Each structure stands twice: as C-alpha cells, then as structure tokens.
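Please look over the structure below with these numbered remarks beside it.

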Amino acid sequence: MISKVWFITGSSRGIGLEIAKAALTAGDRVVATARDRSSIPLPSDDRQLLMLDLDVTSPGQAETAAQAAVERFGQVDVLVNNAGYGQLGTFEEVAVEEIEAQFSTNVFGLFNVTRALLPVMRKQRRGRIFNLSSTAGIAGSPGASIYCASKFAVEGFSEALAAELEEFGIDVTIVEPGPFRTNFLDDRSVRHAAASIADYAQASARRKAAYDARNHSQGGDPANLASALLSLASSGDAPLRFAAGSPAVELVLKKAEGLLTEVTRFRELSVSTDWQ
Ligand SMILES: NC(=O)c1ccc[n+]([C@@H]2O[C@H](COP(=O)([O-])OP(=O)(O)OC[C@H]3O[C@@H](n4cnc5c(N)ncnc54)[C@H](OP(=O)(O)O)[C@@H]3O)[C@@H](O)[C@H]2O)c1
C-alpha cells in the first residue's frame with residue numbers, strides 16, 4: 001500500500017494525537033501540528049514525521065505550515081481538522097468575546113487550515129479531509145448553544161465543500177464523535193462561561209456536575225476512533241458523515257427519525273406556502 005501524508009491539527013493530545021500515532025504505526029507520513037510543537041509527545045522529526053507550530057486561528061501560520069509540509073513530503077493526502085474545544089454555558093451567560101474565541105478556533109480556524117491546504121490537494125487532483133464535528137453538530141443541547149452553533153457551522157460548511165470539491169477528487173468526511181475519553185472536559189480544554197445568571201444557576205450547576213462526572217470515563221476510545229479514520233482514509237467509499245461511537249449512532253438515528261416525522265406531519269401546511 002502506498003504511504004499517505006497526513007496533516008493533523010491539534011496533535012498535542014486527545015483524538016489528534018491518537019490519529020498521528022495510528023498513521024505513523026501504519027507506515028504513513030505525518031505532519032503533526034500543535035500550538036506549541038514541543039507539546040506533541042511524539043519522538044523527534046524523522047523521515048516519517050514533521051512537527052510544526054500551528055495555532056489554527058492564524059491564517060499566516062496555516063500557510064507557513066502547509067508550505068513546510070509540501071517542502072518536506074511533496075504532497076498532502078489527508079487533512080484532519082481536529083483542533084477545537086467546547087465553550088459551555090447557556091447563551092445568555094456566554095460573553096461575546098467567548099463566542100468569538102469559540103468560532104475563531106472551531107470554525108475560522110478550520111477554514112484557515114482548509115484554505116491553506118486546498119491548493120495543494122487541487123493540484124494533486126486527490127485528497128481527503130476529515131472535519132471533526134461532534135454530536136453537538138447534529139443535535140442542539142442546552143448549556144452548549146455556542147459549541148453546538150460552531151459545530152453546526154462545521155457541518156454546513158463541510159457538506160457544501162464536499163460538493164464543491166468532488167470534481168477534483170477531494171473527499172470530505174464529517175466526523176461526529178459522542179463522548180470520547182480525552183482531555184476535552186478538563187479545565188485546560190473546556191471553557192465555562194465566566195458570567196453567571198441566577199435564573200440559570202441551578203440548571204448550570206447540574207450540567208457541570210454531569211460533565212465533571214463523565215470526565216475521563218467517557219465510553220469512546222480515541223485510539224479506536226483513530227483506527228476507524230485510518231480505515232476510512234483507505235476506503236473508496238467513505239461517507240459524508242461518520243458517527244463515532246454508540247451514543248453518536250443512536251443520536252443521529254433519533255435526529256433523522258425526528259426530522260422525518262416532523263416534516264411529514266406539517267407537509268400540508270409547508271407546501272401551502274408555494275404560489276397557488
Ligand atoms: N472528546 C470528545 O468527547 C469529543 C466529542 C465530540 C467532538 N470532539 C472534537 O474532537 C476534537 C478533538 O477533541 P479532543 O477530545 O481530542 O480534545 P482535547 O484532548 O482537549 O484536545 C484538543 C486539541 O485541540 C488543540 N487546540 C485547541 N485550540 C487550538 C488552536 N487554537 N490551535 C491549534 N490547536 C488547538 C489542543 O491543543 P493545545 O494542547 O495547544 O491546547 C489539543 O491538541 C475537537 O474538535 C472536539 O470538538 C471531541
């Protein structure tokens with residue numbers, strides 16, 4: 001099998017790190033990027049591995065990293081837009097600055113890196129992009145409205161992008177994990193709204209306790225997710241959406257069934273809005 005070149009954002013830990021490890025073990029070449037390359041717990045650069053600084057909120061760093069990847073390996077076959085975090089808190093409690101920061105990383109950051117790598121993939125007439133969404137990109141949940149909004153943005157963007165890139169042999173897969181056992185819910189990752197509104201206090205405290213209880217006992221194994229993505233990267237028919245883990249599968253099915261039920265129930269009223 002011909003060795004691929006992977007370009008991964010947020011490789012310092014969690015899902016990004018596991019994907020980097022799995023690709024290296026499979027004999028592929030990896031550009032592992034992180035805000036601080038020295039935080040990536042992988043052996044030093046060698047013929048298979050290039051580690052680079054990349055804060056995805058910087059378009060300039062994304063360009064520089066893309067150029068360095070091509071200079072080193074001559075191609076990029078798989079882009080994994082993985083870097084991200086969760087901004088929690090009810091909408092009214094989350095400050096505008098916190099919302100902007102969430103979108104700068106989860107949405108504009110993903111745009112920056114995709115924009116930097118697409119010319120390379122178009123030139124190759126080949127490529128695969130994995131965009132890390134979440135079950136939060138499929139179904140809205142209370143206390144996570146801003147995180148959900150960012151992941152819904154990733155979903156809509158990715159679906160349209162997939163159609164734009166089809167003619168160039170570039171495939172896009174949206175990855176929708178449920179809860180995976182990473183540092184995602186640790187204080188250094190997840191952010192809770194700085195402000196607090198008394199009306200929401202009880203519900204917010206209940207949700208925070210539930211998140212804390214789930215932290216580091218989530219049912220999803222990031223190493224297994226990495227293996228699944230490696231197998232999709234080698235498959236000729238990877239899906240547009242990939243639900244990762246049992247809770248994600250259940251949630252996507254429930255959402256799809258709910259959409260069908262609702263649109264069918266209101267069909268008559270819906271079509272009544274056409275010019276008669
Ligand atoms: N774990 C889950 O339950 C879960 C569920 C659904 C979706 N996801 C999604 O999966 C992706 C990975 O999450 P994870 O669980 O692996 O979380 P994690 O363990 O917290 O790792 C997050 C990674 O993103 C990086 N990152 C954050 N902001 C960045 C920025 N501005 N530029 C570059 N890198 C940045 C972090 O780097 P630093 O070390 O520099 O902070 C870290 O490497 C995220 O997009 C997340 O939304 C996770």
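**Notes on the model**

1. Glu 98 has a relative accessibility of 16% and therefore counts as buried, where buried means under 20% relative accessible area, exposed means over 50% and partly exposed lies in between, with a 1.4 Å probe and protein chains only. Glu 98 belongs to helix α3, residues 96–124; helices (H or I, at least four residues) and strands (E, at least two) are DSSP runs, numbered from the N terminus. Leaving aside residues up to four places away in sequence, Glu 98 touches Tyr 85, Gln 87, Glu 93, His 192, Ala 193 and Ala 194, contact being heavy atoms within 4.5 Å.

2. Before going further, please keep in mind that this is a predicted model, in which local features need pLDDT of at least 70 and side-chain atom pairs count only at pLDDT 80 or more, while totals for chains, interfaces and linings use all residues. Residues are numbered from 1 along each chain as its sequence is written, and side-chain values use heavy atoms, with hydrogens and water left out.

3. Two packed helices are described by the angle between their axes and the distance between the axes. Helices α3 and α4 pack at an angle of about 20°, with their axes 8 Å apart; axes are lines fitted to C-alpha atoms, for helices over the stretch in contact, and angles run from 0 to 180 degrees between N-to-C directions. The two helices α3 and α4 are therefore roughly parallel, given that angles under 35 degrees count as roughly parallel, over 145 as roughly antiparallel, 65 to 115 as roughly perpendicular and the rest as oblique. Residues in this contact include Phe 103, Leu 110 and Phe 111 of α3 and Tyr 147, Val 154 and Phe 157 of α4. The residues of the contact of α3 with α4 divide into 14 nonpolar, four polar and one charged, where Ala, Val, Leu, Ile, Met, Phe, Trp, Tyr, Cys and Pro count as nonpolar, Asp, Glu, Lys and Arg as charged, and the others, Gly among them, as polar.

4. How do α1 and α6 pack, and at what angle? Helix α1 (residues 14–25) and helix α6 (residues 222–233) make an angle of about 55°, and their axes are 8 Å apart, so α1 and α6 are oblique to each other. On the α1 side the contact is made by Ile 15, Glu 18, Ile 19, Ala 22 and Ala 23, which meet residues of α6 including Leu 225, Leu 229 and Leu 230. The contact of α1 with α6 comprises ten nonpolar residues, no polar ones and one charged.

5. The whole structure holds four aromatic pairs; rings of Phe, Tyr and Trp (its six-membered ring) pair if their centres lie within 6.5 Å, and planes under 30 degrees apart count as stacked, over 60 as edge-to-face and the rest as tilted. The ring centres of Trp 6 and Phe 130 are 6.3 Å apart and the planes lie at 15°, so this pair is stacked. Because Trp 6 lies in strand β1 and Phe 130 in strand β6, the pair ties together parts that are 124 residues apart in sequence. Both Trp 6 and Phe 130 are buried.

6. Tyr 147 and Phe 184 form a tilted pair, 5.6 Å centre to centre with 50° between the planes. Tyr 147 is buried at 9% relative accessibility, whereas Phe 184, at 29%, counts as partly exposed.

7. Two backbone angles deserve a check. Arg 125, which is not glycine, has a positive phi near 55°, and His 216, also not a glycine, has a positive phi of about 65°.
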